[in-house]
Amino acid sequence: MDQVVGFDELRWLQELTLKTRREEIPEAIGARLLTRGLIEREAGGFALTSRGRIALTKLG
């Protein structure tokens with residue numbers, strides 16, 4: 001089922017593309033993005049998945 005990506009979620013997807021991240025992703029937003037497969041956990045935090053990059057390209 002397709003789900004709508006909100007403005008807050010889009011902002012955090014864009015934040016993950018930056019080399020230096022300013023803040024930690026809030027738990028609620030991180031959980032929603034993880035559930036949808038748009039981000040994945042890494043040793044240093046989160047990273048975009050290929051699905052997340054596609055969503056960002058279409059929305060951003």
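Here are a few legends for looking around this predicted protein chain.

**View 1. The whole chain, end to end.** This is a predicted model, so to speak, with local features needing pLDDT of at least 70, side-chain atom pairs counting only at pLDDT 80 or more, and totals for chains, interfaces and linings using all residues. Residues are numbered from 1 along each chain as its sequence is written, and side-chain values use heavy atoms, with hydrogens and water left out.

**View 2. The overall size.** The C-alpha trace spans about 30 × 20 × 20 Å along its principal axes. How does the radius of gyration fit a compact globule of 60 residues? The chain has 10 Å, which agrees with the value near 10 Å for such a globule. That radius is taken over C-alpha atoms, and the globule rule is 2.2 Å times the number of residues to the power 0.38.

View 3. Strand 1 (residues 39-42) and strand 2 (residues 45-48) pair in the antiparallel sense over four bridges; pairing takes at least two bridges found by DSSP. Look for Ile39, which stands opposite Leu48 in strand 2.

**View 4. Inside the fold.** Of the 60 residues, 35% count as buried, meaning under 20% relative accessible area with a 1.4 Å probe, protein chains only.

Conventions
Buried < 20%, exposed > 50% of the residue type's maximum accessible area, 1.4 Å probe, protein only. Helix = DSSP H or I, 4+ residues; strand = E, 2+ residues; numbered from the N terminus.
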